[in-house]
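Welcome! Please take a first look at the structure below, and then let us walk through it together.

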Amino acid sequence: MIHFVLLVSRQGKVRLTKWYSPYTQKERSKVIRELSGVILNRGPKLCNFVEWRGYKVVYKRYASLYFCMCIDAEDNELEVLEIIHHYVEILDRYFGSVCELDLIFHFHKAYYILDELLIAGELQESSKKTVARIISAQDQMVEAAKEEAGSISYIIAQTT
Amino acid sequence: MSGMRGLSVFISDIRNCQNKEAERLRVDKELGNIRTCFKNDKGLTPYKKKKYVWKMLYIHMLGYDVDFGHMEAVSLISAPKYPEKQVGYIVTSCLLNENHDFLRLAINAVRNDIIGRNETYQCLALTLVGNIGGREFAESLAPDVQKLLISSSCRPLVRKKAALCLLRLFRKNPDVVNADGWADRMAQLLDERDLGVLTSSMSLLVSLVSNDYEGYSSCLPKCVKILERLARNQDVPQEYTYYGIPSPWLQVKTMRALQYFPTIEDPSTRRSLFEVLQRILMGTDVVKNVNKNNASHAVLFEALSLVMHLNAEKEMMSQCVALLGKFISVREPNIRYLGLDCLPAVFVGELLICFMECVMCQMQRMFNRSSIRKNIMQYLSTAEFSMREELSLKAAILAEKFAPDLSWYVDVILQLIDNAGDFVSDDIWFRVVQFVTNNEDLQPYAASKVREYMDKIAIHETMVKVSAYILGEYGHLLARRPGCSARELFGILHEKLPTVSSPTIPLLLSTYAKLLMHAQPPDIELQKQIWNVFKKYESSIDVEIQQRAVEYFELSKKGAALMDVLAEMPKFPERQSSLIKKVEDVEDTADQSAIKLRAQQLPSNALVLADPQPVNGTPPPLKVPSISGIKVGISSNWLDHESASQTQSQPNGDLSKVQSQIPSADLLGEMVDPLAIEAPPVDMGSHQRVYREEDGIPDEVDGTAIVPIGDQANKVEPIGNITERFNALCLKDSGVLYEDPYIQIGVKAEWRGHHGRLVLFLGNKVTSPLTSVQALILPPAHLKLELSLVPDTIPPRAQVQCPLEVMNIRPSRDVAVLDFSYKFGTSMVSAKLRLPAVLNKFLQPLQLTSEEFFPQWRSLSGPPLKLQEVVRGVRPLSLSEMENLFNSFRVTICPGLDPNPNNLVASTTFYSENTRPMLCLARIETDPADRTQLRLTVASGDSTLTFELKEFIKEQLIAIPMGSRALVPAVPVPAAPLAQPPSPAVDANDPGAMLAGLL
């Protein structure tokens, strides 16, 4: 299983964290610190897997961002590597050639999408189309609620 | 996020902070702000709450402690509207972990959403529980989640989340899923058509069977079905293929699930599974697209691991090993890493040995990975007997090569001796001794280490040897440690004496003598004990033991003299590891015997010459035992073209005639080279004996005892006859040009006009790389040749293609030579190979009618455009055979043109850069009474072409491998004696000549 997902920039700034195994706040900070040190300093020609504390961390760099997923030692690394790419492709499709800024200012979207991709540290959906459909349905619901909230009748209902 | 301006502003502010300190100030300010707002909760709109909660998450993500506001986040879960609810769920699941108290407060709200009718809320709730649900959630929610999963009224959207949610709950508390009740449902879930639900369900199954497979056997055939469906790409919607691969993730998961079942009983299920696996193993190639490559190899590696698990037939296993060998040799680091990672799992039987070789050559750094070493060690204790020795030798070499430090090396070797003492040859412990002797720092460590091993109840004799030696030399360095006084060391060593064989006893005696010498202050009691031992062995029937006992006894009485005689061993000179040498020697011998074997398989009348010259480097000066050798050489070569009976009927006289036209040394070069067979393999026994002798005499172990004797010239012999291969390639466009035990060079050619494209296929046949690969083309003057870059290294079992562009400038029979060399291990192999870019390749078949032929024939009258020659010593061929021969080198026979049925006329077109396409005509007049002679007339519009073509045809007709001159390309062609035709005057009585005149 995937124990956590970590997006960290070339400068070591965290862009997203998602923990599927219980880590306390302290442990989380420690893991991030330790792991960004390991991964940011790895040479570009090395393989995408790092053995770390009895686990394996599968990572891949996209532009200035490192996507990392920590898995069990016996898990299939290549499979996870492609989950990362799958996620990136979905982000890319959603934002339209995604860049780090998109993930900074719309970090909540990155979370929503991740939740449609992974649950319990396991892959939930391998169809990009399906994920895109679900996310756009969510967006519509949020929009609909906003419109409703903006309507005069709603304001009247709220005040009375 | 439109409308949430406050959040965007805050993010921008953070981004604009110049340093960590400024960022902290900004964050603190924001946290204070949020805290105040939350305190005056009353006026907080859901929108504001949402905004603050997002900010909290952002701050949390930056790594700051957010120790308040959790309540607000959790409270949003029960908000009535979707936007707030969504934020509540997602922020809660990010901020809190399963052990958090606040989460308990949410259980009810979450449960309400799960059992409620709103599909969207169900999804949010299931996601939260799936991501951070703990034990309490498991107990209170599992039945509800199960219901959703199997409900037929729920959409896939909900069900796939329910599957993973249940997985989480099961992990937290395995009791919530009971195999009795759930197995059938699980099996039904595997019939699911929606691949999203199926993927999640498969993850659930993996989790269930990894805990306990029992009860789930009904799922097994279904998994195989799913795998078949995916591997065959049946009924897989486009959106579920990933870079053309039907859901690689589901494939991997399914194979993972299958690995938790100990075996597959049902033969038909097993068979179908093996078919699918076979398809995966065979069908996966390294492709350019990284993602496709990763995905297909994710599947491949899982398939490999399943094959190993299922204990497949040997054939399939060796396929796997071959694949792994390929993986670790590919450039792509991920696949290489995984190949290595997989490695220990496939240590099966003898396959391991070839694999280890591969590993040794390539995977230097990797040996430091403890998992691999551990696995090798583990494997040693269970391996088949026959291979253990070789294996342990290689393990020792690996250890030596890649040891991070020397003490590590000592550890590993001692461990090796301890685990697999029977298979650790003496070279291995000699090598340890050498290291310890040469490194003072290592001496106390090694001594204390072997001392530890001596405490074991049963230790291997080899361990006794190495311990005795090291303790004898360096035991005194431990004197201050408890249990390590000279007397104690003697006691513990002497205990082992009754258990060892007689070759070890002298070694122990030496150790005793040394212990006695080192005992400071002199220990009378110890002296007495040791003298007793010496006395006891004075009458041993083993001469070695007796001699030592007597000598040591006498020496030890002398006191000071003993010191000199038994002084510490001097350092060994640095040399190449004896172990590596040993492996090389063994390999050489193996290769040699293989060659010998092949030699025996050759036709019995083939010439076998013992040629002591190495093939490497420059062509060896040719030494031929006797002239009869030449003749046999020719006829044996001949034999391969013709049936044996024809050869026997062939009069010897003709052969010598032919031979006289050829520069004999070069001819011999042709003959000797391919057929020369290695002298009998060097007797390894003599090497072994050296070690044996030294066994019991550690005091005399010096450099020579450990380092094997002498260098052996490495000789690599080609397989098959190079000349024959070349001749065959002159007539066809693809085939093998050269082959030896390590490499095979294939050729594939395409010819168009005066252009040609030849592709050399350099195939490494072994599991180690071939290095220093060099291919030089020595082009003759008439050809322009361009060879693309040849890589320096050919990876194991890989094939490299090297295209070669050829352009023909003018007619010539000169042959291009490929000077090819490479290095295998330490030996250079080189070969000069003629390339089949010969004259006839630039011919285009052309069939003429008599109306076209005769006017041309007449217009080309006489030398130098038309040349005629009587050729003798021709291979006896029937007319139809001769027709075939001509057609095969693209000189087309035009049937029916010549009124005499014993004659043939032929035509062709020749292409070169300097000439326009030239029509060439030929006439062959045979003599039915004597098939070994004929008259050949060749005509074309270019005198050189006429001459060259005539000579070429002659070469083809005569049973001499053509172009043997090419081995020495420096010889200019026209000067070659072969180029001088016997030039017989046209015989007036010759009926053929008269006919020619008529034509």
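Contact here means heavy atoms within 4.5 Å. With that rule, T92(B) touches A73(B), V74(B), I77(B), V87(B), L103(B), L128(B) and I132(B), residues up to four places away in sequence not being counted. T92(B) belongs to helix α5 of chain B; helices (H or I, at least four residues) and strands (E, at least two) are DSSP runs, numbered from the N terminus. T92(B) counts as buried because its relative accessibility is 1%, where buried means under 20% relative accessible area, exposed over 50% and partly exposed in between (1.4 Å probe, protein chains only).

A word on the model itself: it is predicted, with local features needing pLDDT of at least 70 and side-chain atom pairs counting only at pLDDT 80 or more, while totals for chains, interfaces and linings use all residues. Residues are numbered from 1 along each chain as its sequence is written, chains are lettered from A and ligands numbered from 1 in the order in which they are written, and side-chain values use heavy atoms, with hydrogens and water left out.

**The two chains**

Chain A has 160 residues, of which 60% count as buried. Its secondary structure comes to six helices and seven strands, and along the sequence they follow the pattern β-β-α-β-β-β-α-α-α-β-β-α-α. Among the contacts in chain A between residues at least 6 apart in sequence, 46% join residues at least 24 apart.

Chain B has 999 residues, and 57% of them count as buried. There are 41 helices and 16 strands in this chain. For contacts in chain B with a separation of 6 or more, 69% come from residues 24 or more positions apart.

**Inside the nonpolar cores**

In soluble globular proteins, nonpolar side chains tend to be buried together. A nonpolar core is taken here as a set of buried Ala, Val, Leu, Ile, Met, Phe, Trp, Tyr and Cys residues joined through side-chain atoms within 4.5 Å. The largest such core has 184 residues, and V110(B) and Y216(B) touch the most other members. Beyond four places in sequence, the residues that Y216(B) touches are V177(B), A179(B), W182(B), A183(B), M186(B), L205(B), L208(B), V209(B) and F261(B). A second, separate core of 66 residues includes A775(B), I794(B), A831(B) and C920(B).

Which residues does L760(B) contact, leaving aside its neighbours within four places in sequence? They are I745(B), G746(B), V747(B), L787(B), V800(B), Q801(B), C802(B), L818(B) and L835(B). L760(B) sits in strand β5 (residues 755–764) of chain B.

The C-alpha atoms of F10(B) and V27(B), 17 residues apart along the chain, are separated by 8.9 Å.

**Exposure compared**

| Residue | Relative accessibility | Class |
|---|---|---|
| L760(B) | 1% | buried |
| F10(B) | 1% | buried |
| S772(B) | 26% | partly exposed |
| A63(A) | 67% | exposed |

Most residues other than glycine have a negative phi. A63(A), however, has a positive phi, near 50 degrees. A63(A) lies in the loop between β4 (55–62) and β5 (65–72) of chain A. Phi of S772(B) is also positive, near 45 degrees, and S772(B) is placed in strand β6 (residues 771–778) of chain B.
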